[in-house]
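Subject: A structure for you to look at

Hi,

Here is the structure I promised to pass on. Have a look at it first, then read my notes below.

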Amino acid sequence: ERKGEQDGMDEKAKGKGKKGIGKKLWEKMTSSFTQETTDAERPKKPRSASSYFRRGKKKADKCQFLPAVALYNFALIRQREELGENHIDCGTTLNEIGVCWMMLGERYPALTALE
């Protein structure tokens, strides 16, 4: 009986990505690490890093962690351009990215951001 139960679970897990979440959601979550953002995907108005960070913080406060990660990534890009890679604000943004990934249950991207 256990073997039959295991086979049933394997069939249910088919089409699932990492840790049993949907394949599309997994691809959406990890795409920021595997693809470069094109200029067409960026917002039209140039915004400051602090506005992206504030918007990301608002999303994270509402438990919308995936959009928060995207906004924090935009903030990090702008911060690195304006302030340099070793600025304290870049570290704060990376920390927020790591926290969001942990809240989503994704340990590897979180650890990568927090390193």
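Let's start with the contacts (heavy atoms within 4.5 Å). Of those in the protein chain with a separation of 6 or more, 48% are between residues 24 or more positions apart.

Before you go further, this is a predicted model: local features need pLDDT of at least 70, side-chain atom pairs count only at pLDDT 80 or more, and totals for chains, interfaces and linings use all residues. Residues are numbered from 1 along each chain as its sequence is written, and side-chain values use heavy atoms, with hydrogens and water left out.

The protein chain has six helices and zero strands; helices (H or I, at least four residues) and strands (E, at least two) are DSSP runs, numbered from the N terminus. Buried residues make up 25% of its 115 residues, where buried means under 20% relative accessible area (1.4 Å probe, protein chains only).

Now find helix 4, residues 65-83.

Next, go to I97 in helix 5 (residues 88-103). I97 is buried, with a relative accessible area of 3%. Leaving out residues up to four places away in sequence, I97 touches V69, Y72, N73, L76 and A113. I97 and P109 are twelve residues apart in sequence and 8.8 Å apart in space, C-alpha to C-alpha.

Cheers

Notes:
The expected span of a helix is 1.5 Å times one less than its number of residues. Buried means under 20% relative accessible area, exposed over 50%, partly exposed in between (1.4 Å probe, protein chains only).
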